Amino acid sequence: MTITVQYFARLREDIGRDRDEVTMTGEVRTVGDLWRHLHGAPPARLMAAVNQAHARLDTPVADGDEVAFFPPVTGG
Amino acid sequence: MAVRLFDQPFDPWTLVRERERGLPLEGLGACTVFAGRMRDFNEDQDVRALFLEHYPGMTERELERIVAEAEARWPAITCEVAHRVGAVEPSETLVLVAVWSAHRVDARDACSEILERLKHEAPFWKRERLADGSERWVEKNTPGH
C-alpha cells in the first residue's frame, strides 16, 4: 500500500513534480514524518492536507491516504 | 448553500439576482454582498494577468465547510459563494460572497467571516504576470478587514 503525495503552486515548482507515490514504512507515522522522509526539514509556513482536509505536521497518516503539501493560500 | 467555481468570467450581480428569485425575500431584510475584482496593480507593480491555481476536490470541500460552519453559527442566513479559477484578467470578478438574513448584523458579520476564512483556508494560489512578462507567486494576501 502507498500514500499519494501531491504538491501545489510554488512548492510544486520548487520540487519539480506534482506528486510522489510513497510506500509506507514504519518510520512514517505523521504528515511531518512523510515530509522529512521525502524532503528533509520542513520549510516555514508549510501547509498540508490529508484526504482533502487541512492537517498539521503531527496529523497521522495511513496507507491509502491522499496527502497534499502547499504554501500559504492566497485566494479571494 | 451554493458554492461554485467558475473557469470563465462570471457576473456576481447576475448570480445574486438569480439566487434571489428562489428566496423568501419578505423575511430577509438584509443582504450583504462582497464582490472582489482583480486589480491591475499589486505591491507597487503593474499586473497584467493572474492564474488562480486550486486543489480540485479540496477547494470545493473547504468552501462548503466554511459556509456550513457560518450557517451553524448564524442559523437563519442564506449564502451564495462563487470563486474564479484558472486564467483571470484585470477587472474580472475573483470572488463573490453574498449573505441574506432577517437583520443586517448577521448578514454583515457572516459575509465578513466567510470571506476572511476563505482567504486563509480555501486552497487557492495566485500567480501574477507582470508588465515586463515575468511571473511571480503571490506570497500572502493583503491584511484583511
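# Briefing: two chains and their contact

Chain A contains 2 helices and 5 strands; helices (H or I, at least four residues) and strands (E, at least two) are DSSP runs, numbered from the N terminus. Chain B contains 3 helices and 9 strands. This is a predicted model, in which local features need pLDDT of at least 70 and side-chain atom pairs count only at pLDDT 80 or more, while totals for chains, interfaces and linings use all residues. Residues are numbered from 1 along each chain as its sequence is written, and chains are lettered from A and ligands numbered from 1 in the order in which they are written.

**Chain A overall**

- The order of elements along the sequence of chain A is β-α-β-α-β-β-β.
- Chain A is as compact as a globular protein of its length, because its radius of gyration of 12 Å is close to the 11 Å that the globule rule gives for 76 residues. The radius is taken over C-alpha atoms, and the rule is 2.2 Å times the number of residues to the power 0.38.
- The C-alpha trace of chain A spans about 35 × 25 × 20 Å along its principal axes.
- Of the 76 residues in chain A, 32% are buried. A residue is buried if 20 or more other C-beta atoms lie within 10 Å of its own, exposed if 12 or fewer, and partly exposed in between, with C-beta atoms placed from the backbone.
- Among the contacts in chain A with a separation of 6 or more, 48% join residues 24 or more positions apart. Two residues are in contact if their C-beta atoms, placed from the backbone, lie within 7 Å.

**The sheet of chain A**

- An open sheet of 5 strands has the order β2-β1-β5-β3-β4 in chain A, with mixed pairing. Two strands pair if DSSP finds at least two bridges between them.
- Its edge strands are β2 (19-23) and β4 (53-55) of chain A, each of which pairs on one side only.
- On average, neighbouring strands of this sheet are turned by 30 degrees against each other, direction ignored. Axes are lines fitted to C-alpha atoms, for helices over the stretch in contact, and angles run from 0 to 180 degrees between N-to-C directions.
- Strand β3 (residues 47-50) and strand β5 (residues 66-70) of chain A are antiparallel partners over 4 bridges. Ala49(A) lies opposite Ala68(A) in β5(A).

**Chain B overall**

- From its N terminus, chain B runs β-α-β-β-β-α-β-β-β-α-β-β.
- The radius of gyration of chain B is 16 Å, which agrees with the value near 15 Å that a compact globule of 145 residues would have.
- The C-alpha trace of chain B spans about 50 × 25 × 25 Å along its principal axes.
- In chain B, 34% of the 145 residues count as buried.
- Residues 24 or more positions apart make up 74% of the contacts in chain B with a separation of 6 or more.

**The sheet around β7(B)**

- In chain B, 4 strands form an open sheet in the order β1-β5-β7-β2, and the pairing is mixed. The edge strands are β1 (2-6) and β2 of chain B, each pairing on one side only.
- Neighbouring strands here are turned by 5 degrees against each other on average, direction ignored.
- α3(B) packs on the sheet and touches β2, β5 and β7 of chain B, its direction making about 150 degrees with that of β7(B).
- α2(B) lies across β1 and β5 of chain B, at about 150 degrees to β1(B).
- Strand β2 (residues 30-37) of chain B pairs with β7(B) in the antiparallel sense over 8 bridges, and Phe34(B) stands opposite Val97(B).
- Strand β5 (residues 78-84) of chain B runs antiparallel to β7(B), joined by 6 bridges. Val81(B) has Val97(B) as its bridge partner, and Cys79(B) has Val99(B).
- β7(B) is largely enclosed by the rest of the structure, because 9 of its 9 residues are buried.

**Nonpolar core**

- The largest nonpolar core has 53 residues, and those with the most contacts inside it are Val67(A), Val81(B), Val97(B), Val99(B) and Ile114(B). Such a core is a set of buried Ala, Val, Leu, Ile, Met, Phe, Trp, Tyr and Cys residues joined through C-beta atoms within 7 Å.
- β7(B) gives the most to this core, with 7 residues.
- Leaving aside residues up to four places away in sequence, Val67(A) touches Ile3(A), Val5(A), Val31(A), Leu34(A), Ala48(A), Val50(A) and Val61(A).

**Contact between the chains**

- 23 residues of chain B and 14 residues of chain A take part in the contact.
- On the side of chain B that touches chain A, α3(B) gives the most, with 5 residues.
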